[in-house]
Amino acid sequence: MDIRIDKIRKEFGDFPALHDVSLNIRSGELIALLGPSGSGKTTLLRLVAGLEYPTQGRILFGEEDASWKSVQERNVGFVFQHYALFKHMTVFDNVAFGLRVRGSETRPPKAEIRRRVEELIDMVQLSGMEGRYPGQLSGGQRQRVALARAMAIEPRVLLLDEPFGALDAKVRKDLRKWLREFHDRTGHTTLFVTHDQEEALELADRVVVMSQGKIEQVGSADDIYDRPQSAFVFSFVGDSARLPVTITDGDVIFRGSGTGLRTKAANGARHIFFRPGDIQLKSEGPAFEGRILSMRRLAGARIAEIDAGLGEGAERVEIELPLGVPAEQGSLIRFLPHRFAIF
Amino acid sequence: MALGLSLTMLTLIVLIPLAALALRAAALGPAGLYELVLDPRVFAALKISFLTALAAALANAVFGTLTAWVLVRYDFYGRRIFDALIDLPFAMPTAVAGIALTAVYSPKGLIGQYLAPLGIQVAYTPLGIIVALIAVGFPFVVRTVQPVLEEINRETEEVSATLGANRFQTIFFVVLPPLIPAILTGFALALARGVGEYGSVIFIAGNLPFKSEIAPLLIVIKLEEFNYAGATAIAAVMLAISFLMLFVINGIQSWSQKRFGHG
């Protein structure tokens, strides 16, 4: 099912949670809504589900305007971070719930419900646990019950709100892989909310980066990581270093002296962004210069925290130093990023 | 240590007095006891006491649950004051509640004057007893259901809606079942309280034998006649019936705990 979010605006009281957000989701896509808390990603998900209604704008399911449809009519599968399982029902009854509450004209016969529920429980690898109660399951198992329950109604779209947020790191990784395979097998249009960029980049076909109620960028993991379109995306996704620079006719000037870097950005005070690993050390020629404040060892490299202000107000950045380079706390380092962006 | 202490307390305060009561009543002998219970006036009083308590506890189960829901889910001006008011029947001398209710519900009272033309008489009838028992038993269900309701996540209801359940189905299949053990506890407490209630009832009941005379009042009457054996016998019968009822409720409760209480 294609989903079109068309200039959605949502206000809670006077507080605007979403400003004119538009997004087209293709049928079968796996989309991540990524952003810090308060960015509006969960609000957007709830609007698609029909748990909230927009202040302005439209939400289309295919050609049908669903903006004012009730949550029951929308037929969406929703999975909450804390599962929201019905604790007084067994795994089987939880999964069967969506089919059993249907009106008599659309409710499948008992045997059919049983067959479908068992099939779903099998699909989420919980066969044999039909009779257990949620309290008797682990976190990862509960989340899979929640997913099976959402799938039981044959939803037009699957919406997951921080689906792995309450799980520990190991289970999270396993379940992430499992969800990707699950999605590839079932082909449901899926939206999930996360604040974990690794999760978003690894899992999604396209990532929607949100901040302060706006969409900052939509793109594949490569687009988001390698070609960030804004300062926010650059600093939110992946490690980044940032220094204040001045642009004069395409030249990047740092503290009054040219760096030899060229840009298409317009004249004025800007910031240069780069990844800590995207630098070359320079022994001569124009470069950024700074003193090493501290160093820490990662697996294959060292991370040096550098004060590029050199006494005139601290400008701290972190860069990656190859292991062979002689450097210690207090030594001067000259470097240039070979990939960067100016915002 | 804690076990020993609580057992000692239970023995001193509950078991020994009750045993003394049973012993006293036994002095009448089985035939005497039988005769006493079958005495039409005693029988009528027992019936009134238990039926009105049952009706009041049922009403409290419904309205107490509703009130707990409102207190947990709605945010309105004065909610905290409303919340504090719930406990008032616990704090007030029950006689005060009885006198106040009588004043309000008597045929010339604030509310009674509008009910009288409709042919509804509250004061001096079993209906009045029920009203008084609802008032004194009201906090029980509210206070037992409220904490359980607070634990129930709103997300559970939202998920139910996304699965296609209408509001009615969500309330009856999702929200209410986990509350049943707590509602039963509150119901049992309100019932027990209602059976033994004296102070608030005697003012509003009118105490007409065979019509609105409750068993505890009959005990007092017997005491005033220095008929100690008769008084203890009625008490013993009430005790036996109450015990049986609480036993049954407890059974239902532990069943419902198993059935609905998984959390």
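In chain A, A:Phe12 stands opposite A:Phe15 of strand E2. Strand E2 is joined by seven bridges to strand E1 (residues 3–12) of chain A, and the two run antiparallel. Helices (H or I, at least four residues) and strands (E, at least two) are DSSP runs, numbered from the N terminus. Two strands pair if DSSP finds at least two bridges between them.

The model is predicted: local features need pLDDT of at least 70, side-chain atom pairs count only at pLDDT 80 or more, and totals for chains, interfaces and linings use all residues. Residues are numbered from 1 along each chain as its sequence is written, while chains are lettered from A and ligands numbered from 1 in the order in which they are written.

**Two sheets in chain A**

E1 and E2 belong to an open, antiparallel sheet of four strands, ordered E2-E1-E4-E5. Its edge strands are E2 (15–25) and E5 (64–65), each pairing on one side only.

Another open sheet of chain A has six strands in the order E6-E7-E8-E3-E9-E10, with mixed pairing. Here the edges are E6 (76–79) and E10 (214–219). Neighbouring strands are turned by 20° against each other on average, direction ignored. Helix H1 (residues 41–49) of chain A packs on this sheet and touches E3, E6, E7, E8 and E9. The direction of H1 makes about 150° with that of E7 (157–161). Axes are lines fitted to C-alpha atoms, for helices over the stretch in contact, and angles run from 0 to 180 degrees between N-to-C directions.

At one end of the strand order, E9 (residues 206–211) and E10 of chain A pair in the antiparallel sense over five bridges. A:Val208 stands opposite A:Val218 of E10.

**Domains of chain A**

Domain bounds come from an automatic or database domain assignment.

| Domain of chain A | Residues |
|---|---|
| Domain 1 | residues 3–234 |
| Domain 2 | residues 239–342 |

The centres of the two domains, taken over C-alpha atoms, are separated by 41 Å.

**Where chain B meets chain A**

18 residues of chain B are in contact with 21 residues of chain A (contact: C-beta atoms, placed from the backbone, within 7 Å). On the chain B side, helices H9 (154–162) and H10 (167–196) are the elements that give two or more residues. H9 of chain B supplies the largest share, six residues. The chain B side divides into eight nonpolar, eight polar and two charged residues. Ala, Val, Leu, Ile, Met, Phe, Trp, Tyr, Cys and Pro count as nonpolar, Asp, Glu, Lys and Arg as charged, and the others, Gly among them, as polar.

Methods. Contact = placed C-beta atoms within 7 Å.
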